[in-house]
Amino acid sequence: MAANSMSDFERYSKMGLRRLRGSRWIRELVAENRVSVDQMVQPLFVVDGISRPEAVPGMTGVFRETPDSLLKQIENDLEKGVRKFILFGVPADKREKDFSASFTANQISEIRKRFGKDLFLSVDVCLCSYTAHGHCGVIPPEGDHVDNEASVQALADLALSYAQAGADCVAPSDMMDGRIGAIRTLLDQNKLYSTLVMSYSAKFHSKFYGPFRNAADSAPKSQSLKDRATYQIDPSRMNDAFLSSLRDSEEGADILMVKPGLPYLDVLARLSDQIKKPWAVYEVSGEYAGVEVLAQNGLMSAPAAHLEAWTAFVRAGASIIITYGARNAKDYLSALS
Ligand code: PBG
């Protein structure tokens, strides 16, 4: 073969790749993954003791709902094609221990009464909206650490109440050791065999949760423990995320999660390849608000940017996308296609 003759591959890669980008029709045919509203979960905040819905700063279209406005919001979301939700209950009564599930459990029962099985309801399980100090677990009187055992017990009790009230899925986001096993055992002892457990298994210690903490009253306020570094995963630690997810899987988690999304796409890609359970990704408040704030400043188009992020999640191995933009996804998809 003459040294300067091109192989088919060389000719193809030199001349051909733009052919498959040439029209919307061919791009649709060769797309390697697609985003659908069917795979999306809409977060909802319901707050005890407020008299009207409150906008969450930076998060267009996201509100702290009253029990009444929550039901209206869900009705609107169902009309927008969203059928899967994750509920965050924010009680007014903050405690150090002996937490009461009743506010959140009542909202779950109301949702069930009103919508029956027309929707899939997951409920976030954590203590950060229940404690005055804002940490995700119980701080004993010494005040210098989050106690694992006491926290797991309290979390399992909340999860049981939510499941009994009608949650399809409980989703612990606290990052204590052993909570998945404790929750699964308690659910099974109460014959709630079909309640799913979605673990926030690879949840990192992230600044991208900023806007959420206003929504859920959950910023850490303790003097001696200023952040969540002693229980959430260090951003540098892929191995910790892997071990945490493997453990949660073995303890009975049905669905695993990476959170946040875009800054941890590598983790999602690697872990979803290594552990063959369904993977959810949580596009957190700071990611969502980031796009919205840029768009409000005329620096990019929000619909296209959201779709790009969601496509990246699916490409990296997520089957479930938890996003504040779920309720707009159908409009975005039809506007852009
Ligand atoms: C806490 C919880 C957090 C989120 C979901 N559950 C925040 C935190 O850990 O501080 C973050 C969600 C978001 O930022 O959108 N249990």
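This is a predicted model: local features need pLDDT of at least 70, side-chain atom pairs count only at pLDDT 80 or more; totals for chains, interfaces and linings use all residues.
Met175 belongs to the loop that runs between β6 (169-172) and α6 (179-189). With a relative accessible area of 8%, Met175 is buried, since that class is defined as under 20%.

## A cis peptide bond

The peptide bond that joins Lys259 and Pro260 is cis, and its omega is about -10 degrees. Pro260 is placed in the loop between β8, which covers residues 255-259, and α9, which covers residues 265-274. Lys259, the other partner in this cis bond, is also listed among the closest residues around the ligand.

## The ligand and its surroundings

The ligand is surrounded by 16 residues, of which the closest are Lys203, Arg213, Lys259, Ser285 and Tyr324. By residue class, this shell divides into 8 nonpolar, 3 polar and 5 charged residues. As for its location, the ligand sits in the largest cavity.

For Tyr324, a polar side-chain atom lies 2.5 Å from a ligand oxygen, while for Lys203 the corresponding separation between a polar side-chain atom and an oxygen atom of the ligand is 2.7 Å. In the case of Arg228, an N or O atom of the side chain is 3.0 Å from an oxygen atom of the ligand. Taken alone, the ligand exposes 400 Å², and the protein buries 100% of that area.

## Ser122 and its polar contact

Ser122 is found in strand β5, which comprises residues 120-125, and it is buried, with a relative accessible area of 1%. A polar atom of the Ser122 side chain lies 2.8 Å from the backbone oxygen of Phe85. This separation counts as a polar contact because the pair falls within the 3.5 Å cut-off.

## Separations along the chain and in space

Ala329 has its place in helix α12, residues 326-336, and is buried, with a relative accessible area of 0%. Although Ala329 and Asp38 are 291 residues apart along the chain, their C-alpha atoms are separated by 9.9 Å.

Val30 lies in helix α2, which is made up of residues 24-30. Val30 and Leu20 are 10 residues apart in sequence, and the distance between them in space, taken from C-alpha to C-alpha, is 7.4 Å.

Definitions and conventions:
Residues are numbered from 1 along each chain as its sequence is written. Side-chain values use heavy atoms; hydrogens and water are left out. A residue is near a molecule or strand if one of its heavy atoms lies within 4 Å of it. A polar contact is a pair of N or O atoms within 3.5 Å; within protein, one must be able to donate a hydrogen and the other to accept it, and residues adjacent in sequence count only if both atoms are side-chain atoms. Accessible areas come from the Shrake-Rupley method with a 1.4 Å probe; for residues, only the protein chains shown count as cover. On a 1 Å grid over the protein atoms alone, a cavity is a set of points where a 1.4 Å probe fits but cannot get out, and a pocket is an open set with protein on both sides within 12 Å along at least five of seven lines; lining residues have an atom within 4 Å of a point. A molecule sits in a cavity or pocket if more than half of its atoms lie within 2 Å of its grid points. Ala, Val, Leu, Ile, Met, Phe, Trp, Tyr, Cys and Pro count as nonpolar, Asp, Glu, Lys and Arg as charged, and the others, Gly among them, as polar. Helices (H or I, at least four residues) and strands (E, at least two) are DSSP runs, numbered from the N terminus. Buried means under 20% relative accessible area, exposed over 50%, partly exposed in between (1.4 Å probe, protein chains only).
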